[in-house]
Amino acid sequence: MATASSCMASTKFSIPSWIRGSRISTKQGRINSFPSVPFSVSAQQQQQPPSQVEEPRQFNPPPPLEVGGGSTQQPQKKELRPVESQVNVRSRNMSREYGGQWLSSATRHVRIYAAYIDPVTSEFDQTQTDKLTIILDPTNEFLWTPDTCNKVYAYFQELVDHYEGAPLTEYTLRLIGSDVEHYIRKLLYDGEIKYNMNARVLNFSMGKPRILFNNNNNNISEEDQIQ
Amino acid sequence: MQGRLSAWLVKHGLVHRSLGFDYQGIETLQIKPEDWHSIAVILYVYGYNYLRSQCAYDVAPGGLLASVYHLTRIEYGVDQPEEVCIKVFAPRNNPRIPSVFWVWKSADFQERESYDMLGISYANHPRLKRILMPESWIGWPLRKDYIAPNFYEIQDAH
C-alpha cells in the first residue's frame, strides 16, 4: 500500500517518505502462546531468496500438527518476504503531536499496523510506514501451528501485494484485515485450525464447533471431531 | 392546491413547485438547487428562523438525491407556528446543493451527515467532511446503489 505514484490521501501522521518505492512488509505473528516473534514479509519484488523466510518463530515445542479432514486443495502459496529484523527499534511518532493514534485495522484475530513493531520489545516505530505488521490472534482463540500460521501470513502477503498502489488508509487496511479474517474462518471450517479450548474467552466467535463442516469426503477419524 | 407560502412565493415571483401537503398538513415545496440559496435567505427574512431538521435521502435507484429541510417560524405568543418543508433534488452524478449553514447555523452537522451518507456536496459549507464514517471511507453508505464491503467485525479497538 505504501506505494508508488498514486496520489494518496495524507494520513494523520507525518509520513515522511512513503511515496517512494512500493514496499510493504509485514511481520510479526503472535503464535499460540509463545512470545510474539517477528514475522516479517516485505513486498519488494526483489532480492531475498525466497527460501530464507527469516525465521519468525521459535516454536520451542513444535505443537502437534493437527490436520483435520482430508481436504488437500493447496492454495498456491506466495513465498513470504519477511522484513529483516531490526535492532534498536524505538517507539516513534506515538506521542500526542502525531495524533496519539496509529494507522491500524483491529479485529479480534487480526491486527494490522502500518508500522514496525519489534517482536521482542514491542517497540512501535511508526515512522516505518512502508511496513505492515500483522499480529495474528492475540487472544489465542485458535490453536495455531507453524503451518497454518504460515498459510495466513502467505495469504496476507498476497493481499498486500494485491493492494499495492492503493492509498495507505484505514479503509485499505480494513479490507485486508477482513479478508484475512475470512480466510481464518475458512481455515476453521476446513478443519485446519481449531478452537483453543483453554482460551481465556470461550465464545466461539466464528461459529460453534461442529462436526463435518465443509467436509467433502467423509473420512473423518475420531480425533478430527471436536474434543 | 396551494399553501400560503407557495402563494406568497408566487406573488414575489420565486420559482418553486408545490409538492402538496404532508400528513400533518405541512406544506411541501420543491426548489431547484440553483435557486435554493437565495430562496433560503428570503425565507429567513420572511421569518423562518428555525431549521428544525435537515435530512437527505435517495429517491430511487439511479434517480435523484433529495435534501429535505423543515423550517419553522418561531415567534412569541404563537402556539401553532408556521412550518414548511423544502425539498431540493440533485442529480446523483454531481449532487451539488448550496449549503444553508450561513443562514441557519444548525445545518452544520446535519449537512455533514447528509454528505457522509449520500455524498451530496453542500457548496459553501465551512467544513464538509465525513462525520459518522471514518474519513478514509470509500463510497456513500445510504445510497441505494451502495455495496457494503465484506468487512469482518468492525470495531474501534486498537
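Contact here means heavy atoms within 4.5 Å. The model shown in every view is predicted.

**View 1. The interface of chain A and chain B.** By that criterion, 19 residues of chain A are in contact with 13 residues of chain B. The two chains bury about 1,500 Å² between them. Carbon and sulfur atoms account for 58% of that area. On the chain A side, Ala106(A), Tyr171(A) and Arg174(A) stand out: they supply 42% of the area that chain A buries against chain B.

**View 2. A salt bridge within chain A.** Over all chains, the structure holds 13 salt bridges. One of them pairs Arg108(A) with Glu141(A). The closest N and O atoms of this pair are 3.6 Å apart. Arg108(A) sits in the loop between strand 3 (104–106) and strand 4 (110–113) of chain A. Glu141(A) sits in the loop between strand 7 (132–136) and strand 8 (142–143) of chain A. The pair thus links distant parts of the chain, 33 residues apart.

**View 3. Helix 1 against helix 2 in chain A.** Helix 1 spans residues 146–162 of chain A, and helix 2 spans residues 170–189. Their axes come within 10 Å and cross at roughly 150°. The crossing is right-handed. Helix 1 of chain A contributes Thr148(A), Lys151(A), Val152(A), Tyr155(A), Phe156(A), Leu159(A) and Val160(A) to the contact. From helix 2 of chain A come Ile176(A), Asp179(A), Val180(A), Tyr183(A), Ile184(A) and Leu187(A). The residues of this contact divide into 10 nonpolar, 1 polar and 2 charged.

**View 4. Helix 1 against helix 2 in chain B.** Here helix 1 covers residues 4–11 of chain B, and helix 2 covers residues 33–46. The axes come within 13 Å and cross at roughly 115°. That angle makes helix 1 of chain B roughly perpendicular to helix 2 of chain B. The crossing of these two helices is right-handed. Arg4(B), Leu5(B) and Trp8(B) make the contact from helix 1 of chain B. Ile42(B), Leu43(B) and Tyr46(B) make it from helix 2 of chain B. By class, the contact residues are 5 nonpolar, no polar and 1 charged.

Conventions: Residues numbered from 1 in each chain as written. Chains lettered and ligands numbered in written order. Predicted model: local features only at pLDDT ≥ 70, side-chain atom pairs only at ≥ 80, totals over all residues. Heavy atoms only, no water. Axes fitted to C-alpha atoms, helices over the stretch in contact; angles between N-to-C directions. Helix = DSSP H or I, 4+ residues; strand = E, 2+ residues; numbered from the N terminus. Parallel < 35°, antiparallel > 145°, perpendicular 65-115°, else oblique. Left-handed = near helix turned anticlockwise from the far one by under 90°. Nonpolar A, V, L, I, M, F, W, Y, C, P; charged D, E, K, R; others polar. Buried area = accessible area lost by both parts, 1.4 Å probe. Salt bridge = Lys/Arg side-chain N within 4 Å of Asp/Glu carboxyl O.
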